[in-house]
Amino acid sequence: RPRNGPAAVTANMFLELFCEAYKRYYHEVSCCAPTGEERSSARHQSKHSSIRITIYHAQSLDYPRASEEWDSYDGVIIPGSFSTAYETHIEWIHRLQEVIQQEIHGKRRKALGVCFGHQCFAHSFGLRSSVQSDHQVFNESGTWQQSKSIVSKGGLASKCTVGPIAGRKSFQLTDGGKILLGSAASSRPKKNSHEKSNIAQPLKDCLELLYTRGDMVQSLPSVGISLCGNEKLPNEACAYFASETDVMQFQNDAMKQCSNLSPLGEASTSWGQVLDKTVLPYAITFQAHPEYVTQTGRKVNYVNTVKAMEEHGIISEETAKVACEDAIVYYNALSGDSLDAIVSVGVILGWFRQ
């Protein structure tokens, strides 16, 4: 049970999220296993696996003290915050982005970033290379204003140029996004592995998730790619690679695979075979909050965050009402996309294993 405090509640949400995604993944693994013995083995492994999250308080400059402590974890989760990633004059935010560069990117530690974590990851690449730029932003009073900011050549987080967003939103997946997030074991129709489908079904085109945000990732470093977005919000989910060479290789593979692969209609191994044939990212980040579909997230954190945005005049009463209603009406679809996205993250980062 979580202890009192926002950090513990946040950790509990992610624990619920990963447990649900893990069960979803292994249910499909066991259903698609060709023999009864393999199905039994998969179910046994699912029942006897455990997930543990250790809390570190970045605002208190609290991090693992040595490489051995870092190495004892399978990965890092950087969650959301009411703080802003581009306020790097604040000590703990600057230090967090240094840690991202030194310990996570520098040592290719597997990582998931959400909302503030998504923005911090991109912005951390611009700490040492930046220029000043004039641009317009949508302020809290609902009007556009001129603003000066430090534009990072390697990545930039900024105020959301279309204004604050709360609620259910759908964004188009890029070719890379279709390969990494457009399919997961849980997305495919249930069938016996000896059955073959001659009907080509497309990869997912869009990802529909819950959002509460006032900022955005405006630009990415050369080792980052967008997985979904649109013209005004181009970087709503991102993947980070070890090098520019890896990015080029993955993008070439993605273009080839998207033209002839249909994992939603193929045998359950097709998606895994694609991942085996290409270089994979060490980190994936989302502007959205997939953890909002958990029991704790849906009934407590999401509603409270939406209400807080309304109370502070960030969004209107009507926007808040629609955001809360949509989360209920479209829960099954939102839950499906959120869990499938985390199944994908778990497989790609090596956190979910058969």
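Over which residues does pLDDT stay under 50, and how many contacts beyond four places in sequence does the model have for them? The stretch is residues 130-144, and the count is 42. Where pLDDT is low, predicted coordinates should not be read in detail. The chain as a whole averages a pLDDT of 83. Of its residues, 75% score at least 70.

Now turn to the strands. Strand β10 covers residues 237-240. It pairs with strand β9, residues 224-229, through four bridges. The two run antiparallel. Glycine 224 faces tyrosine 240 of β10 across this pairing. Strand β10 also pairs with strand β11, residues 283-286. Here too there are four bridges, and the sense is antiparallel. On this side, alanine 237 stands opposite phenylalanine 286 in β11.

Next, follow the side chains of β10. Ala237 and Ala239 point one way. Cys238 and Tyr240 point the other way. All of them are buried.

Another strand to visit is β5, residues 156-159, which holds serine 158. Serine 158 has a relative accessible area of 5%. Buried means under 20%, so serine 158 qualifies. What does serine 158 touch, leaving aside its neighbours within four places in sequence? Its contacts are Tyr86, Asp215, Met216 and Gln218. Glutamine 119 is 39 residues away from serine 158 in sequence. In space, the two are 8.4 Å apart, C-alpha to C-alpha.

Finally, look at two helices. Helix α1 spans residues 6-32 and contains asparagine 12. Helix α9 spans residues 295-311 and contains asparagine 301. Is asparagine 12 buried or exposed? Asparagine 12 counts as buried because its relative accessibility is 18%, and the cut-off for buried is under 20%. Asparagine 301 is buried as well, because its relative accessibility is 18%.

Technical notes: Residues numbered from 1 in each chain as written. Predicted model: local features only at pLDDT ≥ 70, side-chain atom pairs only at ≥ 80, totals over all residues. Heavy atoms only, no water. Buried < 20%, exposed > 50% of the residue type's maximum accessible area, 1.4 Å probe, protein only. Pairing = 2+ DSSP bridges. pLDDT = per-residue confidence, 0-100. Contact = heavy atoms within 4.5 Å.
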